[in-house]
Amino acid sequence: GYELATGKELWKLVGGGDVPVPPPLVHEDVVFLTSAPGRLAPLRALLLTAEGEIPAHPAESEHRLWELPNAGIYMQTPLLYESELYACNDAGILACHDAATGERHYRERLGDGSYGFSASAVAGDGKLWFTSESGLVHVLAPGPKFERLATCDLGETCLATPALSAGRLFFRTRTQ
């Protein structure tokens with residue numbers, strides 16, 4: 001973690017994970033980090049007040065809010081909506097966690113497992129959208145219980161994260 005104004009290093013996570021592709025997600029005084037694939041594949045929450053080296057073992061740092069081994073995701077940025085943190089992996093397995101404690105509310109597969117997920121999820125208007133590479137969009141209700149509201153088919157491959165603007169949802173597919 002770096003000080004924005006000067007670039008001075010404030011903290012450093014040692015043994016952070018395997019492949020930290022998704023960008024950090026910051027909310028108030030917490031930063032959520034994830035990485036996968038690999039042996040560790042952690043999903044973790046660190047306090048932004050952290051200083052110095054943060055050791056790899058969770059019990060050794062007062063700066064670590066929580067850490068979940070083998071709960072990390074590879075390409076997608078986790079989604080924070082209301083008080084839940086959603087992490088959908090490449091195979092479409094979605095986990096919903098309490099953002100404050102890391103407690104898992106549910107773990108469910110989106111779809112039948114025959115297609116992947118590269119796009120990050122988006123949320124708004126009381127809905128969560130998870131877009132598969134095959135173009136199937138899974139619309140869920142937010143909250144600690146899994147509730148599917150709809151499934152929509154875009155009709156072609158979609159690898160990009162949808163965009164939200166002016167109350168509309170925009171999808172970028174292979175040809176459109």
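Analyst: Buried means under 20% relative accessible area, exposed means over 50%, and partly exposed lies in between, with a 1.4 Å probe and protein chains only. With 3% relative accessibility, R44 therefore counts as buried. This is a predicted model, in which local features need pLDDT of at least 70 and side-chain atom pairs count only at pLDDT 80 or more, while totals for chains, interfaces and linings use all residues. Residues are numbered from 1 along each chain as its sequence is written, and side-chain values use heavy atoms, with hydrogens and water left out.

User: How is a salt bridge defined, and which residue forms one with R44?

Analyst: A salt bridge is a side-chain nitrogen of Lys or Arg within 4 Å of a carboxyl oxygen of Asp or Glu. R44 forms one with E67, and their closest N and O atoms are 3.1 Å apart. The pair links distant parts of the chain, 23 residues apart: R44 is in strand β4 (residues 43-47) and E67 in strand β6 (residues 64-68). Strands here are DSSP runs of E with at least two residues, numbered from the N terminus.

User: How many salt bridges does the structure hold?

Analyst: The structure holds 3 salt bridges. E67 also bridges to R64, with closest N and O atoms 2.5 Å apart. E67 has 19% relative accessibility, so it counts as buried, and R64 is buried at 8%. Another bridge joins D125 and K127 at 3.4 Å between the closest N and O atoms. D125 is exposed at 69% relative accessibility, whereas K127 is partly exposed at 27%. Through shared partners, salt bridges join R44, R64 and E67 into one network.

User: Next, strand pairing. What is the strand order in the open sheet of 4 strands?

Analyst: Two strands pair if DSSP finds at least two bridges between them. The order in this open sheet is β11-β12-β13-β14, with antiparallel pairing. β11 (122-124) and β14 (148-153) stand at the edges with a single partner strand each, so one side of each has no neighbour in the sheet. Between β12 and β13, the antiparallel pairing runs over 4 bridges. F130 stands opposite H138 in β13.

User: How do I read a nonpolar core, and which residues have the most contacts inside the largest one?

Analyst: A nonpolar core is a set of buried Ala, Val, Leu, Ile, Met, Phe, Trp, Tyr and Cys residues joined through side-chain atoms within 4.5 Å. The largest has 16 residues, and those with the most contacts inside it are Y86, L94, L110, L128, F130 and L140. Two or more residues come from each of β7 (79-81), β8 (84-88), β9 (93-98), β12 and β13. A second, separate core of 13 residues includes L25, L43, L47 and A87.

User: Last, a loop residue. Is S132 buried or exposed?

Analyst: S132 is buried, with a relative accessible area of 0%. Its place is in the loop between β12 (127-131) and β13 (136-140). A polar contact is a pair of N or O atoms within 3.5 Å; within protein, one must be able to donate a hydrogen and the other to accept it, and residues adjacent in sequence count only if both atoms are side-chain atoms. The side chain of S132 makes such a contact with the side chain of S134 at 2.9 Å. Contact in general means heavy atoms within 4.5 Å. Neighbours within four places in sequence left aside, S132 is in contact with Y115, G116, F117 and C158.
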